[in-house]
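Hello,

Here is the structure I promised to hand over. Please open it first, then read my notes below.

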Amino acid sequence: MTTISHEPARGELVPALVEQFKGGLAAPICLTWEWTYACNLSCTHCLSSAGRRDPAELTTAEMRSVIDELRAMQVFYVNVGGGEPTVRPDFWELLDYAVASQVGVKFSTNGLRLNADRAQRLAATDYVDVQVSLDGASREVNDAVRGHGSYDMALRAMQNLAEAGFRNFKISVVMTRHNVPQLDEFAAIADRFGAQLRITRLRPSGRGADVWHELHPTDQQQREIYWWLVDHGDRVLTGDSFFHLNALGTTPLPGLNLCGAGRVVCLIDPVGDVYACPFAIHDAFRAGTVRAPGGFAEVWRSAPLFASLRTENSGGACRSCSAFSSCQGGCMAAKFFTGLPLDGPDPECVKGHGASMISGLDPGLLPQPDKDHSRRGQAVPLGIPSVRVPVKPCDSSPLAATA
Amino acid sequence: MTAPFELDLGYRLNPDVALRREPFGALAYHFGTRRLSFLKAPDLVELVCGLGAYRCVSDALAAVPDRRRGVYLRALAALAAADMIVPQREGAS
């Protein structure tokens, strides 16, 4: 027996757990479920290209029936995201329904709806965890990526949670070139609010593809992240994001060190489509839909895409690399959206193989995100990337009707 | 608070813990602590599920092959430390 945070176990008679995970599980362990594509923000690196609600999003009744199914499959908790999930008018109702169904919820939010009253109600609810997104430890760094006002909104939400006595909520940071130097400051913010810091990798998915080359950490910063995690990793969550950095040292970062896509991880998007992982919203990784007969369980158990992901990664050219056992070839989605072969190196391969392959690629041949819900409109040249003027009323903020 | 694991005490699966059967064994989820643990062998799952029927841990382990007893003992101790299994007298109804 081991806990997920103490992998790998040594000296056991059974094969390492990670080997057993490669063949897939009866149900996911880490299920991300995005409840809407609508978002009040327009973060430059949004994985889901969120902004506008999709008219085909699951109805309240359909959402409840997915929760029923998750309960039957014993999916003990889900990571709810979006878009900004709290803009769904039925958000709190669905949250209560999931919790009452013994499907715990951790939801990601930019802080929009977390006023003092709501924070108190959340603090009093079991099986709920909250993750507030913050991509800069200063207003300047955060708002350059997440938009004007988003830093203050997030900090207000954290203050409300802390004052309500909500202990150990999560502060979730996507690591960029501009915030790697702020790691200690992020940890201090988490301490100040009695929260836990979570740092994850910037992926070239969704709108992230547009900014990845400018925003992803430099090689030197990757080393800083690795060593910072070696020193602080016991207190910091990473969603297993940084296993591609394991080849930088002899101390493996805590986690499974495995691409869990389709094995222990998957994504249900707001229209009910099931993808191999939250970073791969693209037809190439779409396994099916919860709306088909058999629902989510049928997709999880029988989708041909998942069956193929549950076989051994051939490793391709990486197989002969001395670091392959540490990094396992890295992140599938990061490779796909930067145009690298799925059995090739990660774009942030610490040996530099990814960077050298990318430099030889024709940018015109990159896979294009095909599920774009960004709000359309003209970017206003104020140096604030998130300010846009809508061209149609339905492209305006999803809050316009409710504010 | 969890007490030290004792071989001559009877244990049982914590009522707050749900087991999900998996090809490798089972996944254990504690609804109170929100911790996830893995029971990495089908035999261990049977052992844990049947634990409540034995007067003490030593009795429960008597049926386990010698070469696996040490591993399972450590696994049970870890499960007790994580509050996944609890002494039978605790909260018995």
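**Val130(A) and its surroundings**

Val130(A) touches Phe107(A), Thr109(A), Leu122(A), Leu161(A), Phe166(A), Phe169(A) and Lys170(A), leaving aside residues up to four places away in sequence. Please keep in mind that this is a predicted model. Val130(A) sits in strand E5 of chain A. Is Val130(A) buried or exposed? Val130(A) counts as buried, because 25 C-beta neighbours lie inside 10 Å and the cut-off for buried is 20 or more. For a sense of distance, take Glu214(A): 84 residues separate Val130(A) from Glu214(A) in sequence, and their C-alpha atoms are 30 Å apart in space.

**Chain A overall**

Chain A has 14 helices and twelve strands. Of its 403 residues, 48% are buried. Take the contacts in chain A with a separation of 6 or more: 67% of them are between residues 24 or more positions apart.

Start with helix H3, residues 91–100 of chain A. Its buried residues are Phe91(A), Leu94(A), Leu95(A) and Ala98(A). Why do they lie on the same side of H3(A)? They cover an arc of only 105° around the axis, which puts them there. The general rule behind this: an α-helix has 3.6 residues a turn, so residues three or four places apart point the same way. The cover over the buried residues of H3(A) includes helix H2 (60–72), strand E4 (104–109) and strand E5 (128–133) of chain A. After H3(A) comes Gln102(A), with a positive phi near 60°.

Next is helix H6, residues 150–163 of chain A. At 1.5 Å a residue, its 14 residues should span 20 Å. The end C-alpha atoms are 20 Å apart, which agrees. Which residues of H6(A) are buried? They are Ser150(A), Tyr151(A), Met153(A), Ala154(A), Ala157(A), Met158(A), Asn160(A) and Leu161(A). These buried residues pack against helix H4 (116–123), E5, helix H5 (139–146) and strand E6 (170–175) of chain A. Gly165(A) follows H6(A), and its phi is positive, near 80°.

**The core**

The largest nonpolar core holds 132 residues. Which of them touch the most other members? They are Tyr275(A), Cys277(A) and Ala280(A). H6(A) gives the most to this core, with six residues. Ala280(A) touches Ser205(A), Ala261(A), Tyr275(A), Phe285(A), Met332(A), Ala333(A) and Phe336(A), not counting residues up to four places away in sequence. As general background, nonpolar side chains tend to be buried together in soluble globular proteins.

Chain B has three helices and five strands. Along the sequence the pattern is β-β-β-β-α-α-α-β. Its C-alpha atoms fill a box of roughly 35 × 30 × 20 Å along the principal axes. How does the radius of gyration of chain B agree with what 93 residues would give, and what is it? A compact globule of 93 residues would be near 12 Å, and chain B has 12 Å, which agrees. Buried residues are 33% of the 93 in chain B. Among contacts in chain B between residues at least 6 apart in sequence, 59% join residues at least 24 apart.

Now the contact between the chains. On the chain B side 22 residues take part, and on the chain A side 18 residues. Strand E2 (17–22), strand E4 (36–39) and helix H3 (66–81) of chain B each give two or more residues to the side that touches chain A. H3(B) gives the most, with five residues. By class, this side of chain B has 14 nonpolar, one polar and seven charged residues.

**Backbone points to check**

- Gly82(A) and Gly83(A) are joined by a cis peptide bond, with omega about 20°. Gly83(A) lies in the loop between strand E3 (77–81) and H3 of chain A.
- Gln74(A) is not a glycine, yet its phi is positive, about 60°. Gln74(A) is in the loop between H2 and E3 of chain A. With 17 other C-beta atoms within 10 Å, Gln74(A) is partly exposed.
- Asp83(B) is not a glycine either, and has a positive phi of about 65°. Asp83(B) lies in the loop between H3 and strand E5 (85–87) of chain B. Asp83(B) counts as partly exposed, with 17 C-beta neighbours inside 10 Å.

Best wishes

Note on methods. Residues numbered from 1 in each chain as written. Chains lettered and ligands numbered in written order. Predicted model: local features only at pLDDT ≥ 70, side-chain atom pairs only at ≥ 80, totals over all residues. Helix = DSSP H or I, 4+ residues; strand = E, 2+ residues; numbered from the N terminus. Rg over C-alpha atoms; globule rule 2.2 N^0.38 Å. Buried ≥ 20, exposed ≤ 12 C-beta atoms within 10 Å, placed from the backbone. Contact = placed C-beta atoms within 7 Å. Nonpolar A, V, L, I, M, F, W, Y, C, P; charged D, E, K, R; others polar. Arc of directions from axis to C-beta. Expected span 1.5 Å × (residues − 1). Core = buried A, V, L, I, M, F, W, Y, C linked by C-beta atoms within 7 Å.
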